[in-house]
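I record what I looked up, topic by topic.

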Amino acid sequence: MNKRGDLFSWLVEYHCTENLEQCRPYMIEGRVYHLGSFVEEGDENELYKGLLIVANGSTLVDKLSDGHVINDDPLRLRYTDIQGKEDLWKYVNERRNKDGAYIFDGVNQRITKAAEVNNNPSTLTQRVDLASMVPGDFVYADGREFDESEDLGTKTRLAIKMPLAYGDTNAYQIKRTAYGNTGMGKVTHFGSQGLVEEAFFRYSPTSEGPFIVPEQGIIGIHRQYQRDENNKLILASEQIIDPNSFYRK
């Protein structure tokens, strides 16, 4: 299994199916309406679970423990084999607690969950310019200025820092913080360069599609990023997600 490409694809499909199904009964013209109001950009969507997966090899748990990122006893953590996306989805659905982070061992294709995480690993000795690790429109679709101390949550900060603190590590999120105009969050993939790729929903009824939810006019957007010659994070590509070809088995 190619853990980087597959994990992102699996989480995007999970978000486009499982999470979106939780929200669809509350949608009006492509926007989530819950508890008497629309879920606005920047609000938390309470209708589905967010998650963070930190992925590396078989020694990652020990490294995170030594770096005081997790407080769990590594010897007491229970692992579950992950052979495909159905295994991952089942594992996530069975975990009711929203706190903590999942740790994926890509060598042995297994996963565990740490109950408590600290977003300041001791192995990361220098301050990270968090804003430089994401594009300018990461928080708000219109690109208006954001405050990294207030607008980047604990899990996002951890997702940014883990690949910098530990070599060959990637971090993946499903965010509950709404982005754009649908009231739902995005799926992210972070590496040592910062944001590698992301996927999110957009209400765009006049689009030619393909649509994720045709009756609600919702399309999916996939963006990839890279560093330019000045080491600035820039958009490398953007495409509309075609459910028939984007997801991986």
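**Entry 1: Pockets**

I began with the open spaces and found that the largest pocket has a volume of about 470 Å³. The model is predicted, so to speak of local features I need pLDDT of at least 70, and side-chain atom pairs count only at pLDDT 80 or more, whereas totals for chains, interfaces and linings use all residues. Residues are numbered from 1 along each chain as its sequence is written, and side-chain values use heavy atoms, with hydrogens and water left out.

I noted the terms before going on. On a 1 Å grid over the protein atoms alone, a pocket is an open set of points with protein on both sides within 12 Å along at least five of seven lines; a cavity is a set of points where a 1.4 Å probe fits but cannot get out; lining residues have an atom within 4 Å of a point. Grid points are joined across faces, edges and corners, and a volume is the space filled by probe spheres set on the points.

Which residues lie nearest the centre of the largest pocket? Of its 22 lining residues, I listed Glu 44, Gly 153, Thr 154, Lys 155 and Thr 177 as nearest. At least two lining residues each come from α4 (148-151), α5 (154-165) and β8 (170-174). The largest share, three residues, is supplied by α5. Helices (H or I, at least four residues) and strands (E, at least two) are DSSP runs, numbered from the N terminus.

By class, I recorded six nonpolar, eight polar and eight charged residues in this lining. Here Ala, Val, Leu, Ile, Met, Phe, Trp, Tyr, Cys and Pro count as nonpolar, Asp, Glu, Lys and Arg as charged, and the others, Gly among them, as polar.

I then turned to the second largest pocket, which holds about 180 Å³ of space. Eleven residues line this pocket, and Tyr 91, Arg 95, Lys 113, Ala 114 and Ala 115 are the closest to its centre. Strand β7 (residues 110-114) gives the most to the lining, with three residues. I counted three nonpolar, three polar and five charged residues there.

**Entry 2: Cavities**

How many cavities of 30 Å³ or more does the structure hold? I found five. The largest cavity has a volume of about 80 Å³. Among the residues that line the largest cavity are Phe 138, Val 139, Asp 151, Leu 152 and Thr 177. I sorted the whole lining of this cavity into five nonpolar, one polar and three charged residues.

**Entry 3: Strand β6**

I next looked up strand β6 (residues 101-105), where five of the five residues are buried, so the strand is largely enclosed by the rest of the structure. Buried means under 20% relative accessible area, exposed over 50%, and partly exposed in between (1.4 Å probe, protein chains only). Ala 101, Ile 103 and Asp 105 are buried on one side of β6, and Tyr 102 and Phe 104 are buried on the other.

I also recorded the neighbours in pairing; two strands pair if DSSP finds at least two bridges between them. Strand β4 (residues 51-56) pairs with β6 in the parallel sense over four bridges, and Asn 56 stands opposite Asp 105. β6 and β7 run antiparallel and are joined by five bridges, with Lys 113 of β7 as the bridge partner of Tyr 102. Four residues lie between β6 and β7 in their hairpin, and Gln 109 in the turn has a positive phi of about 50°.

**Entry 4: Salt bridges**

My search of the whole structure found 15 salt bridges. A salt bridge is a side-chain nitrogen of Lys or Arg within 4 Å of a carboxyl oxygen of Asp or Glu. One of them joins Arg 24 to Glu 21, with the closest N and O atoms 2.9 Å apart. Arg 24 is partly exposed at 29% relative accessibility, and Glu 21 is partly exposed at 43%.

Arg 144 and Asp 142 form another, with the closest N and O atoms 2.9 Å apart. Arg 144 is partly exposed at 39%, whereas Asp 142 is exposed at 57%. I also noted one network, in which salt bridges that share partners join Asp 137, Lys 186, Glu 198, Arg 223 and Glu 238.

**Entry 5: Cysteines**

Finally, I looked for disulfides (pairs of cysteine sulfur atoms within 2.5 Å) and found zero. Cys 16 is buried at 10% relative accessibility, and Cys 23 is buried at 0%.
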